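Take a look at the model before reading on.

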Amino acid sequence: MMVSKDGMYSMLIGQNELETDAQSADYKPNSQRDLPLFTVRDGPRVQPYKLATAGLGLLCTGLLIVIIALCIHFQNSYRPRSELDSIASNHSTVTKALEQLQGEYQEALDARHRVEAQFGLQRSEQEQLQKKIESLLVEKKDLQSIISMHENSCGKCLPGWTLFKSKCYYFSYDDSKPKKSWSGSREDCITQGADLAVVDSEEKQLFLMRSITSMGLGRMYSWHLTGFWLGLRDVHVEGTWKWLNGTELTVGYWMDGEPNDTYSEEDCAAIYPKSDLLKSWNDAPCNYLLNWICESEMPNP
């Protein structure tokens with residue numbers, strides 16, 4: 001009978017196991033002695049401890065991989081203490097430098113503001129100086145005009161009077177002469193063969209204004225003390241202003257808001273040295289003490 005190699009191998013294994021079973025028969029229970037003396041199998045038998053060993057090996061390998069990865073991670077993220085101290089020191093230095101730069105910037109900004117303020121002050125002073133120069137030029141022109149009028153008046157008007165358009169004018173401004181009421185001023189003019197001035201043209205208004213502004217009264221007194229009485233009032237009908245020659249006023253050179261007849265007592269007109277030459281009249285109480293302007297015809301030669 002022919003037996004294959006696999007069958008022969010199985011029979012040999014069975015024979016070996018039979019011998020082993022015979023040797024261990026003495027300590028087996030009696031209930032097991034009737035079992036077959038050997039078993040025939042076709043392949044190798046794997047013991048359980050080998051499986052456990054393989055599993056532990058795989059687990060250890062996994063743990064080793066995890067430990068290695070963690071080591072690499074912490075090695076990359078770990079910085080020596082000296083390096084951290086260096087970073088902190090650099091941060092402190094940068095912070096101090098930033099604070100210093102901020103301080104310097106603030107100082108520069110303050111200096112800029114001071115320069116701008118000083119420049120603004122100088123510009124304001126320059127503008128004021130320019131206005132003074134312009135004012136002085138106007139005064140110079142007015143004085144030259146007055147000098148010219150006085151030269152033309154020489155021999156044509158009484159001493160102290162000024163010639164303008166064939167008429168002579170007297171301005172009472174004189175520290176030796178006290179101010180007078182409207183009626184007192186008119187009496188003084190009449191005693192000199194004249195009367196209070198009548199302003200019947202813009203040209204005459206400008207002449208009177210340049211004459212009284214050249215006296216510099218506005219720089220020495222409050223404006224309401226610098227007026228000159230004119231021959232104009234509304235004593236008969238309130239609001240109807242008439243000149244002493246009987247003509248009714250048609251064009252007036254009042255200040256803004258005038259005449260206002262405050263307390264119903266302002267019935268006489270006066271002219272004041274104002275910057276606006278065409279807005280210089282004001283109504284005032286007739287008993288108020290002011291300077292005055294007299295007007296007369298040019299004396300015959």
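## Aromatic rings and a helical stretch

Tyr170 is buried, with a relative accessible area of 11%. The model is a predicted one.

How many aromatic pairs does a search of the whole structure find? The search finds 10. In one of them, the ring centres of Trp161 and Tyr170 lie 5.4 Å apart. Their planes meet at 35°, so this pair is tilted.

Now take Tyr253 and Trp281. Their ring centres are 5.4 Å apart and their planes stand at 85°, so the pair is edge-to-face. Tyr253 sits in the loop between strand E5 (242–243) and strand E6 (266–271), while Trp281 belongs to strand E7 (residues 281–285). The pair therefore ties together parts that are 28 residues apart in sequence. Tyr253 is buried, and so is Trp281.

The two pairs side by side:

| Pair | Distance between ring centres | Angle between planes | Class |
|---|---|---|---|
| Trp161 and Tyr170 | 5.4 Å | 35° | tilted |
| Tyr253 and Trp281 | 5.4 Å | 85° | edge-to-face |

For burial, the relative accessible area is 9% for Tyr253 and 0% for Trp281.

Aromatic residues also group together. Phe164, Tyr169, Phe171, Phe207 and Phe228 form one aromatic cluster.

One more stretch deserves a look. An unreviewed UniProt entry annotates residues 51–72 as a "transmembrane region". In the model, the chain over residues 51–72 is 100% helix and 0% strand. The C-alpha atoms at the ends of this stretch are 32 Å apart.

Note on methods:
Residues are numbered from 1 along each chain as its sequence is written. This is a predicted model: local features need pLDDT of at least 70, side-chain atom pairs count only at pLDDT 80 or more; totals for chains, interfaces and linings use all residues. Side-chain values use heavy atoms; hydrogens and water are left out. Rings of Phe, Tyr and Trp (its six-membered ring) pair if their centres lie within 6.5 Å; planes under 30 degrees apart count as stacked, over 60 as edge-to-face and the rest as tilted. Buried means under 20% relative accessible area, exposed over 50%, partly exposed in between (1.4 Å probe, protein chains only). Helices (H or I, at least four residues) and strands (E, at least two) are DSSP runs, numbered from the N terminus. UniProt positions are given in the numbering used here, feature names are shortened, and annotations may be inferred rather than shown by experiment.
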